[in-house]
Amino acid sequence: MFENTHHDRLSVYVLVLLLALLGITLSLHSNAEDSDEFKQRSMEAFKQFNAMTEDQRNLAVKNMSNTDMNMVMMGAAQINNEVNETIQAMVPPNTDMASIYEIRSGNFTNSGNMSKVSGISRILSVNNNEFLRFEHFNITNGPELHVYFTNNGDLVNSKDLGLLKGNIGPQNYFLGNIANQYDTVVIASKPFKMVYAKATLAP
């Protein structure tokens with residue numbers, strides 16, 4: 001009985017989202033993409049999607065059209081989240097001297113969808129601990145973007161380094177000692193399984 005109630009509750013959330021997105025889609029006219037109303041509606045679609053639990057989002061995605069997904073993505077793209085992490089933040093506390101050197105690096109390229117990206121991804125060794133660092137970084141924001149450490153961009157067998165800390169600014173991700181196991185950084189929307197950017201790392 002509890003399972004049925006839980007499923008019904010999820011279904012209600014999904015229905016509300018889909019009806020909202022349907023209303024958004026039907027209200028669009030040619031060249032409406034630049035209008036304030038369009039921006040407001042796409043932002044509302046993203047907020048509704050973002051407010052769901054992970055289970056609710058996964059269920060909603062299964063029932064969303066490409067148009068619905070694009071609306072959510074466009075809403076997310078209006079939000080900027082800046083971070084400013086320093087290299088010094090990777091150094092252990094109470095350490096007088098740090099050994100820091102670059103192992104590999106690569107420039108970010110976008111995936112060809114609506115996302116745009118610039119910046120460089122670097123693997124740094126800091127006192128024998130490895131970190132992934134983004135510099136001069138700027139990417140179009142998206143729904144629940146995660147940072148993945150992969151081989152040739154394969155997300156299935158990747159290492160999920162967690163949520164992207166911000167779509168603008170330098171940031172660090174702890175690797176430990178796995179840097180040699182992977183060769184490509186991928187930024188992708190976890191619920192949509194959509195790649196936003198990649199960086200192939202080389203010496």
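In this predicted model, Glu85 pairs up with Lys165 in a salt bridge, with 3.2 Å between the closest N and O atoms (the rule asks for a side-chain nitrogen of Lys or Arg within 4 Å of a carboxyl oxygen of Asp or Glu). Glu85 sits in the loop between helix 4 (66-77) and strand 1 (100-107), while Lys165 belongs to the loop between strand 6 (159-163) and strand 7 (171-176), so the contact ties together parts that are 80 residues apart in sequence. Helices (H or I, at least four residues) and strands (E, at least two) are DSSP runs, numbered from the N terminus. Both partners are partly exposed: Glu85 has a relative accessible area of 24%, and Lys165 has 34%. On this scale buried is under 20% relative accessible area, exposed is over 50%, and partly exposed is in between (1.4 Å probe, protein chains only).

As for the ground rules, residues are numbered from 1 along each chain as its sequence is written, and side-chain values use heavy atoms, with hydrogens and water left out. Since the model is predicted, local features need pLDDT of at least 70 and side-chain atom pairs count only at pLDDT 80 or more, whereas totals for chains, interfaces and linings use all residues.

The salt-bridge count comes to seven. Another of these joins Glu102 to Arg122, at 2.7 Å from N to O. This pair also links distant parts of the chain, with Glu102 in strand 1 and Arg122 in strand 3 (residues 117-126), 20 residues apart. Glu102 is partly exposed at 36%, but Arg122 counts as buried at 17%. Glu102 and Arg122 are also members of a salt-bridge network with Arg133 and Glu135.

Then there is Glu37 with Arg41, whose closest N and O atoms are 3.0 Å apart. Here the two residues are four apart in helix 2 (residues 36-50), which means about one helical turn separates them. Glu37 is partly exposed at 46%, as is Arg41 at 31%.

Turning to open space, the largest pocket holds about 230 Å³. A pocket here is an open set of points on a 1 Å grid over the protein atoms alone, where a 1.4 Å probe fits, with protein on both sides within 12 Å along at least five of seven lines; lining residues have an atom within 4 Å of a point. Grid points are joined across faces, edges and corners, and the volume is the space filled by probe spheres set on them. Of the 16 lining residues, Phe46, Asn141, Gly142, Glu144 and Leu145 are the closest to the centre. The lining splits into seven nonpolar, six polar and three charged residues, where Ala, Val, Leu, Ile, Met, Phe, Trp, Tyr, Cys and Pro count as nonpolar, Asp, Glu, Lys and Arg as charged, and the others, Gly among them, as polar.
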